[in-house]
Amino acid sequence: MIDFKALAETYDTPLYVYDFNHISEQYDKLKKAFSGRKSLISYAVKANSNLSVISHLAKLGSGADCVSIGEVRRALMAGVPKYQIIFSGVGKRDEEIKEALEKDILLLNLESEAEMERVEAIAVQMGKCARISIRVNPNIDPKTHPYISTGLHENKFGVDLETAKRMYIHANNSSHLDPVGIHFHIGSQLTELEPIREASMIVADLVRSLKAIKIDIKFFDIGGGLGVVYDNETTIEPYDYAQAVFSTLYGLDVTLICEPGRFMVANAGWFLTRVLYEKVNEGKRFIIVDGGMNDLLRPSLYNAYHKVEVLGKSGNESEADVVGPVCESGDFFAKSRLLPPTEPGDLVIVHSAGAYGFVMASNYNTRPRPAEVAIEDGQPRCIRQRETFEDLIRLETMCL
Ligand code: LLP
C-alpha cells in the first residue's frame, strides 16, 4: 500500500507518484507473452519520459521507441543500448536524422517517400548505410478515440501498401539504405483484438511478398496501443495479443518488436492534488483542487475518464465536478461524479495517471510543473523536482 498522505506531506501537491514494481510486472507479463519468438519490447518513451522510468525499464531489458532526437538522447542517457532504440515519427529534421545515424541506433522508421529521400541523401553525405523500417498504414479502424486512432488512410501516419512496396524496392537497390524492418501502429488504448490481427495479417502478407522478391525483413514491429483499465473496460490479455500476431507470421523468421507505452506505465501512476475549497453554483457542486489541466491534460483534451478518490472519505456522496484553478471551462479532472463532502486540504487521488500525464503537462497560467516521485520496494525517491517560478522565466529576456 502506498502512503499517499505521507507523500503529499513530504513532496507537496500537485504531485505525480509512480510504482516502479508495477512497471516491472507489466514488462514481465508482456515479455513472457512474446516468449514463443525472438522479441524486443521497445518502450514508447513518449508515454512517460522521465529518465528514471526509462532507466528502470532499460534495466529490465527494454528497448526504446522514440519520436524525437530528444527522446533518443534520453534513452541513451538512461542506459538503453543503441541497438535497441528505434526512431519513429512523421516529421524528422535533417539534424535529427544525422544524429540518429551518427549514434548508430537500431532503426529509423520512415513514414513517407520524401523522408526516405532525405535519409538516403544524408546517409550518402555521411558515407553511411541507414538501417530503416517503413511504417505501413493498413487502413484498419482500431475502434478507439479518433484523436488516438492512427491506422486509417485519413490519418497522417505511414504509407499505403503499394507505396511501401515501391519504397522497399528502392531501398533494397540503394547502397545507403538497408530495409531491415516493417512497422505498423493502428492506434492507442486498443481494447479489441480483431483489428490488430487483421492489420498484422495485411502487413505480414506484404512481408511474404517482399520475401518472394528477395527482400528479407528481419524486424516485424507491431507498434504499441495495448489498452488498460481506466474505468471498467475489458482489455486484451498479453498472451492473446501475442498469439493473434504470431498466427499471422507463418513462413516468416522475424524478430517481433512491440512498442507499448500506456500498458507499461498508465496504472503505475497517480496524480495527487489537494482540495482548496468547494462551491455550489445554482445547485451545481464544484470541488476546486490545486492541480489543473496544465498538469494532467487527458480529461480536458480527450474527455478521458480517470477514477477520482477523496482519500479516507466516504459516505454522504453527491454529484460534483472536480476542477482546477486554470482560467478555462475545460479545466476539469472529473464531471458529475458521486463524491463525499470535502474540506480544504483533503487529498484527491486521480488514478491511472502514469501515461501521457506529466509528459503532456505545460506551464499554462505560469504554473510550475509538478514533482515526480518513484516508489520501489516501499522506498520513495524524488525523480523530478517541482519547477520554480525562476525555472519558468529562465529563458525569457525582458526588453526595457
Ligand atoms: N508506437 C507509436 C508509433 C505510437 O504512435 C504510439 C503512441 C505508441 C507506440 C505507444 O502507444 P501506447 O502503447 O501508449 O498506446 N496522448 C494520448 C495517446 C497518444 C498516443 C500516441 N502514439 C493519450 O493520452 O491517450
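Modeller: Happy to! Let's start at Lys-214, which counts as exposed because its relative accessibility is 72%, above the 50% cut-off. Please keep in mind that this is a predicted model. Lys-214 sits in the loop that runs from helix H8 to strand S8 (219-221). Although Asn-172 is 42 residues away along the chain, its C-alpha atom is 9.3 Å from that of Lys-214.

The loop between strand S7 (177-183) and helix H8 (194-212) holds Gln-189. With 12% relative accessibility, Gln-189 falls under the 20% limit and is therefore buried. Its backbone deserves a look as well: phi of Gln-189 is positive, at about 50°, and the residue is not a glycine. For context, most residues other than glycine have a negative phi, and most peptide bonds are trans.

Another such residue is Asn-365, whose phi is near 70°. You will find Asn-365 in the loop between strands S15 and S16 (371-376). Asn-365 counts as partly exposed because its relative accessibility is 33%.

The peptide bond between Thr-13 and Pro-14 is cis, with omega about -10°.

S1 covers residues 15-19. Five of its five residues are buried, so the rest of the structure largely encloses this strand. In a regular strand the side chains alternate between the two faces of the sheet. You can follow that pattern here: Leu-15, Val-17 and Asp-19 point one way, while Tyr-16 and Tyr-18 point the other way.

Which strands pair with S1? One partner is S16, which runs parallel to S1 and is joined to it by five bridges; there, Leu-15 stands opposite Ala-371.

S10 and S11 make a hairpin with two residues between them, and Glu-282 in the turn has a positive phi of about 45°.

Now to the ligand. Where does it lie? Domain 1 (4-15 + 267-393) and domain 2 (34-260) both contribute residues to the shell around the ligand, so the ligand lies between them. That shell is made of six nonpolar, seven polar and six charged residues. Of the 19 residues around the ligand, Ser-188, Glu-259, Arg-298, Tyr-302 and Tyr-356 come nearest.

A nitrogen atom of the ligand is 2.6 Å from an N or O atom in the Glu-259 side chain. The side chain of Arg-298 has an N or O atom 2.6 Å from an oxygen atom of the ligand. For Lys-46, an N or O atom of the side chain is 3.0 Å from a ligand oxygen. As for cover, the ligand on its own has 590 Å² of accessible area, and the protein covers 92% of it.

Two further spots are worth a visit while you have the model open. The first stop is Asn-137, in the loop between strand S6 (130-135) and helix H7 (161-173). Asn-137 counts as buried because its relative accessibility is 5%. A polar atom of the Asn-137 side chain lies 2.9 Å from the backbone oxygen of Phe-157.

The other stop is Val-308, which is part of strand S12 (residues 308-310). Its relative accessible area is 10%, so Val-308 is buried. Val-308 and Arg-394 are 86 residues apart along the chain, and 35 Å separates their C-alpha atoms.

How values were computed
Residues numbered from 1 in each chain as written. Predicted model: local features only at pLDDT ≥ 70, side-chain atom pairs only at ≥ 80, totals over all residues. Heavy atoms only, no water. Pairing = 2+ DSSP bridges. Helix = DSSP H or I, 4+ residues; strand = E, 2+ residues; numbered from the N terminus. Near = heavy atom within 4 Å. Polar contact = N/O pair within 3.5 Å; in protein donor to acceptor, adjacent residues only side chain to side chain. Areas by Shrake-Rupley, 256 points an atom, 1.4 Å probe, with all protein chains shown as cover. Nonpolar A, V, L, I, M, F, W, Y, C, P; charged D, E, K, R; others polar. Domains from an automatic or database assignment. Buried < 20%, exposed > 50% of the residue type's maximum accessible area, 1.4 Å probe, protein only.
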